[in-house]
Amino acid sequence: LLSARQWVYAALPYAWVLFSAIGAAILSRPLARLTYEQDSREGTFRYTHVRVRTYAESIAFYSGEDREAANADATLKGALANQRRLILSIFPLNMFQEMTLFGASLWGFVIGAVAASLDRTCNATNAMTSQLLMAQEIGRVFATIINTSSIIAGFGGNSSRVADLLRALDAVEAAGAQRAGSAHQSHVDDATTLRADGLTLQTPKGEVLYPSLSFDAARSTAIMGPSGCGKSSLLRV
């Protein structure tokens, strides 16, 4: 049988496993939130580029280059700042995981050596060694599990983003079905639906495109003219 002191030695590796699990849970707690926020910020930054490419003509027409550049810079700085916070959160967790894995291997040797030096009884030492070897192996298994905490936290953040995307797609689909139902019930005749009288259109730089434009647009209206005459500019109105 093991003495009370030997039972304490045998319980220390399990206490180390418990300490490691609690420490990893605390250190990995912000990772899911930061990973979610990083994915969101990077998505916003990519959308900023897509929007500039899609609406380049409108941005140039309304002299919005400076505003779009400032918006892109702010979006990039936000993504980089959050990436720094994510790295600073991952670094202590990785260090703690390495310490946990190293400690799980070291505890058995240290406690075994101390126990052997304090109690040289053959039977007690053999029983103590058996307990320590089992605890050491359990410690290694738990350390391996704890090492996956950062992966699990990152997966949780990415899963939250996917869930948000699915909810947004469901909302778009429901809105589209509602609009389709309303359009099916409505009736638009061929009478005039849009009328302009003396419309003047000029660019933000002061260039007049239409000094005085009047028209009646029915349900189906074609706008025709050579390239650069202002068809797209009229549609922006």
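"Buried" means under 20% relative accessible area, "exposed" means over 50%, and "partly exposed" lies in between (1.4 Å probe, protein chains only). Keep those words handy for the legends below. What you see is a predicted model, in which local features need pLDDT of at least 70 and side-chain atom pairs count only at pLDDT 80 or more, while totals for chains, interfaces and linings use all residues. Residues are numbered from 1 along each chain as its sequence is written, and side-chain values use heavy atoms, with hydrogens and water left out.

**Figure 1. The whole protein, element by element.** The secondary structure comes to six helices and two strands, where helices (H or I, at least four residues) and strands (E, at least two) are DSSP runs numbered from the N terminus. Starting at that end, the order is α-α-α-α-α-β-β-α. Of the 237 residues, 24% count as buried. Among contacts (heavy atoms within 4.5 Å) with a separation of 6 or more, 74% join residues 24 or more positions apart.

**Figure 2. Phe19 and Val17 in helix α1.** Both Phe19 and Val17 belong to helix α1. Phe19 is partly exposed because its relative accessible area is 43%, whereas Val17, at 10%, is buried. Look across from Phe19 to Thr100: the two are 81 residues apart along the chain, yet their C-alpha atoms are separated by 9.1 Å. For Val17 and Gly103, 86 residues apart along the chain, the C-alpha separation is 9.3 Å. Leaving out residues up to four places away in sequence, Phe19 touches Phe96 and Met99.

**Figure 3. The largest nonpolar core.** Seven residues make up this core: Ala24, Leu31, Leu34, Leu86, Leu93, Phe96 and Ala153. Helices α1 (4–54) and α3 each give two or more residues to this core. A nonpolar core is a set of buried Ala, Val, Leu, Ile, Met, Phe, Trp, Tyr and Cys residues joined through side-chain atoms within 4.5 Å. In soluble globular proteins, nonpolar side chains tend to be buried together. Zoom in on Leu86 and, setting aside neighbours within four places in sequence, you will find it in contact with Leu31, Leu34, Thr35 and Gln38.

Figure 4. Asn82 sits in helix α3 and counts as buried because its relative accessibility is 0%. Beyond residues up to four places away in sequence, Asn82 touches Leu34, Glu37, Gln38 and Arg41. Thr75 is also found in helix α3 (residues 65–118) and is buried, with a relative accessible area of 13%. A polar atom of the Thr75 side chain lies 2.8 Å from the backbone oxygen of Asn71.

**Figure 5. The largest pocket.** On a 1 Å grid over the protein atoms alone, a pocket is an open set of points where a 1.4 Å probe fits, with protein on both sides within 12 Å along at least five of seven lines; lining residues have an atom within 4 Å of a point. The volume of this pocket is about 200 Å³, counted as the space filled by probe spheres set on the points. Ten residues line the pocket, and Leu194, Phe215, Ala217, Ile223 and Leu234 lie nearest its centre. β1 (194–202), β2 (208–217) and α6 (231–236) each supply at least two lining residues, with β1 giving the most, three. The lining has nine nonpolar residues, one polar and no charged.

Terms used. Ala, Val, Leu, Ile, Met, Phe, Trp, Tyr, Cys and Pro count as nonpolar, Asp, Glu, Lys and Arg as charged, and the others, Gly among them, as polar. A polar contact is a pair of N or O atoms within 3.5 Å; within protein, one must be able to donate a hydrogen and the other to accept it, and residues adjacent in sequence count only if both atoms are side-chain atoms.
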